[in-house]
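The exercises below concern a single protein structure. Please examine the sequence and the model before working through each solution.

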Amino acid sequence: MMDAVKLLSVFFIPHDAPLRQAAYRKVELVPFSEATPLRGKFPWLQQTLGRTLELTPGAGVRLISFGGLKIQPLICFESGFAGLIRQGVGRGADLLVETSNDGWFAARDAELKHLGMGVFRTVEARRPLVRCSNTGGGAYVLASGELTPGTLTPHGRSAAILAAVTCPETVTVYARLGDSWLWGLALFVLWGVAKTAFKSGVRMRNCRFKCFDDNVAGSTRNVKEAIRNG
């Protein structure tokens, strides 16, 4: 008998579309909390370190049309995955919407750090972020990374805040190229290291040859002196 597939989902409730068309399944699951990494190849990992409730990742990035915008949903720490947001922007995402369970954190500082992950994504992709959390730390972040005044939700209290959303159509260099520039940087660094190592090797060889010549010359002088003295 096949095990039931367990998915972590968020639903948007549109007025003019079936509910099933407005669901997003979480793609990036928290290792050892929501799913055991490499459990297919190494079953003993799940037996030793896994949980009874193992979730299955969603099929991939999905945009949801809502209120005339294309929304890219994010669940919890998916805001830390720049590549995921880049995929969404490549498909035409206008707005990022993150829902998060920050009840794991007892301190307010942890909520704000989680929010800060999303701030980086807004700057990279130039897309605004609406963040909703069950314990606080929700906010509306502009595409420039600025926190809209008055939208930060309080810790441990229910709040509903309205804000006018502005979605620029800018496509950033990062949205176009992603992390590919890092390969160029890595090659540049390797070239510099190889060049330095080559120069150091040449200097060491020259030093060895010079030391050898000095030793030979010294030995020759010693032999001549020994002959004269003998």
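This is a predicted model: local features need pLDDT of at least 70, side-chain atom pairs count only at pLDDT 80 or more; totals for chains, interfaces and linings use all residues.

**Exercise 1. An aromatic pair**

Determine how many aromatic pairs the structure holds, and classify the pair formed by Phe-77 and Phe-81.

Solution. 
Step 1. The structure holds three aromatic pairs.
Step 2. One of them joins Phe-77 and Phe-81, with 5.2 Å from centre to centre. Ring centres must lie within 6.5 Å to count as a pair.
Step 3. The planes of Phe-77 and Phe-81 stand at 85° to each other. Planes over 60 degrees apart count as edge-to-face, and the pair of Phe-77 and Phe-81 is accordingly edge-to-face.
Step 4. The accessibility of each partner can then be stated. Phe-77 is partly exposed because its relative accessibility is 23%. Phe-81 is also partly exposed, because its relative accessible area is 29%.

**Exercise 2. Positive phi values**

Locate Phe-32 and Cys-76 in the chain, state their phi values, and decide whether each residue is buried, partly exposed or exposed.

Solution. 
Step 1. Phe-32 lies in the loop between β2 (23-25) and α1 (43-49). Its phi is near 65°, which is positive although the residue is not glycine.
Step 2. Cys-76 lies in the loop between β4 (69-75) and α2. The phi of Cys-76 is near 55°, again a positive value in a residue other than glycine.
Step 3. The cut-offs are under 20% relative accessible area for buried and over 50% for exposed, with partly exposed in between. Phe-32 has a relative accessible area of 41% and is therefore partly exposed. Cys-76 has a relative accessible area of 14% and is therefore buried.

**Exercise 3. The cavity and its lining**

State how many cavities of 30 Å³ or more are found, and describe the lining of the largest cavity by residue, by element and by residue class.

Solution. 
Step 1. The volume of the largest cavity is about 30 Å³.
Step 2. The lining of the largest cavity consists of Ala-82, Ile-85, Arg-86, Glu-124, Ala-125, Tyr-174 and Ala-175.
Step 3. Two or more lining residues come from each of α2 (82-90), α3 (108-125) and α4 (173-177). The largest share, three residues, is contributed by α2.
Step 4. By class, the lining has five nonpolar residues, no polar residues and two charged residues. Arg and Glu count as charged, whereas Ala, Ile and Tyr count as nonpolar.

Technical notes: Residues are numbered from 1 along each chain as its sequence is written. Side-chain values use heavy atoms; hydrogens and water are left out. Rings of Phe, Tyr and Trp (its six-membered ring) pair if their centres lie within 6.5 Å; planes under 30 degrees apart count as stacked, over 60 as edge-to-face and the rest as tilted. Buried means under 20% relative accessible area, exposed over 50%, partly exposed in between (1.4 Å probe, protein chains only). On a 1 Å grid over the protein atoms alone, a cavity is a set of points where a 1.4 Å probe fits but cannot get out, and a pocket is an open set with protein on both sides within 12 Å along at least five of seven lines; lining residues have an atom within 4 Å of a point. Grid points are joined across faces, edges and corners, and a volume is the space filled by probe spheres set on the points. Helices (H or I, at least four residues) and strands (E, at least two) are DSSP runs, numbered from the N terminus.
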